[in-house]
Amino acid sequence: MRSLDAFASQKLAALDAKSLRRRLSPTRRHDGAVVERDGKRLISFSCNDYLNLSQHPSVRAAAAEAALNYGAGAAASRLVTGDHPLLSDLEKRLARLKRTEAACVFGSGYLANTGVIPTLVGPGDVVLVDALAHACIWAGAQLSGAKVIKFAHNDPADLDRLLKAERAGARHALVATDGVFSMDGDIAPLDVLSDLCQRHDAWLLSDDAHGVGVLADGRGSGALFPDAKIPLQMGTLSKALGSYGGYLCGSQAVIDLLKTRARTLVYATGLPPGSAAAALAALDLIEADPAITEVPLAKARLFTRRLGLPEACSPIVPVVLGSADRALAASADLQEQGFLVVAIRPPTVPDGTARLRIAFSAAHRDEDIIRLADAIAKLREIAS
């Protein structure tokens with residue numbers, strides 16, 4: 001086993017040399033936007049809990065009650081004994097939210113994309129993926145055995161060119177993109193992508209993990225484009241809905257196929273009852289007060305105005321600094337000032353684009369947002 005340890009040590013040393021090694025940092029979340037690390041309380045701008053619903057009393061109570069009534073875990077695959085009643089209720093609510101015929105809940109967003117894509121395409125097919133799509137989309141495409149092609153980020157002309165070149169030689173074609181891109185906060189032109197897919201007989205999959213709950217009264221990025229046809233609407237329960245899990249909304253036929261053939265559903269334990277109940281409670285809150293879904297974007301726009309950045313179109317705002325060293329130094333400086341803003345480095349983002357990824361939530365106070373913007377402005381002045 002010495003060769004294995006030597007291999008791991010060499011890889012770690014190479015990552016250290018480039019400031020690309022990652023380390024886990026135990027973090028305790030408190031009410032609102034406050035977290036605790038190493039005994040110090042910080043205002044977090046790195047959580048994806050956009051509506052702060054993971055801390056909401058109703059959501060926490062629903063999770064606890066479900067654990068008491070159904071158990072802490074699902075105990076088996078959904079196709080064996082793990083399909084507890086809350087999962088059916090949750091799927092109906094998600095389908096209603098996304099206005100589709102049906103939905104399928106998975107154990108996580110990563111499991112959803114790595115299960116859905118290989119179920120629908122394989123050898124002889126082609127998958128065209130946005131260059132900045134989430135890692136789980138790329139993983140699902142690569143697992144499928146289909147031909148995988150990258151198209152330029154948010155570039156319909158490049159996608160059109162590739163579809164013209166590749167579609168005729170493929171049995172089926174699938175186009176996969178984020179709805180809201182997790183590291184840049186920009187939104188895919190789903191209306192134009194939809195038109196291209198219909199023109200070339202391709203299936204459009206949109207990952208709306210960072211759009212549901214915060215755009216279009218909570219319905220997500222797809223709802224910003226009412227005429228777009230998006231047959232595969234994927235998302236997660238772990239961001240604005242404050243819980244955990246993933247899902248795919250689509251036609252009844254597609255959902256029925258996934259429930260019998262998607263390997264990450266067939267061979268994985270079902271979502272715990274507490275997670276399903278928490279998501280249902282979060283959906284109740286959003287449905288009762290859609291105005292809460294507008295708050296994170298308003299907070300992000302306060303920040304971009306203060307810092308003179310292009311207006312935010314989602315709750316995610318990147319401040320690109322370039323090198324990993326510079327991003328780490330900026331993050332450490334902000335932590336000294338009481339802010340948690342984690343540095344994002346390659347391979348999560350392309351080389352030369354290490355950044356501070358700032359995520360806004362309904363729990364952030366305006367005065368803290370202004371203080372953060374001013375602190376970052378000073379860091380940029382020093383660096384320039």
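How much space lies in the second largest cavity? About 40 Å³. The legends below take this cavity first, then other views of the predicted model.

**View 1. The second largest cavity of the protein is lined by residues that include R78 and G107.** Also in the lining are V105, F106, T264, L265, A268, T269, G270 and L271. Two elements, β4 (102–106) and α9 (263–266), each give at least two residues to this lining. By class, five lining residues are nonpolar, four are polar and one is charged.

**View 2. The largest cavity has a volume of about 80 Å³.** Its lining is made of 14 residues. Nearest the centre of the largest cavity lie R29, A33, S44, C47 and S361. Seven residues of this lining are nonpolar, five are polar and two are charged. In total, the protein has three cavities of 30 Å³ or more.

**View 3. The second largest pocket holds about 290 Å³ of space.** Of its 14 lining residues, K98, R219, P226, A228 and Q233 are the closest to the centre. The lining of this pocket has seven nonpolar, three polar and four charged residues.

**View 4. The protein around these spaces has 13 helices and 14 strands.** Its radius of gyration is 21 Å, close to the 21 Å that the globule rule gives for 384 residues, so the protein is as compact as a globular protein of that length. Of the 384 residues, 54% count as buried. The accessible surface comes to about 17,300 Å². Carbon and sulfur atoms account for 53% of that surface.

Key:
Residues numbered from 1 in each chain as written. Predicted model: local features only at pLDDT ≥ 70, side-chain atom pairs only at ≥ 80, totals over all residues. Heavy atoms only, no water. 1 Å grid on protein atoms, 1.4 Å probe; cavity = no way out; pocket = protein on both sides within 12 Å on 5 of 7 lines; lining within 4 Å. Points joined across faces, edges and corners; volume = space filled by probe spheres on them. Nonpolar A, V, L, I, M, F, W, Y, C, P; charged D, E, K, R; others polar. Helix = DSSP H or I, 4+ residues; strand = E, 2+ residues; numbered from the N terminus. Rg over C-alpha atoms; globule rule 2.2 N^0.38 Å. Buried < 20%, exposed > 50% of the residue type's maximum accessible area, 1.4 Å probe, protein only. Areas by Shrake-Rupley, 256 points an atom, 1.4 Å probe, with all protein chains shown as cover.
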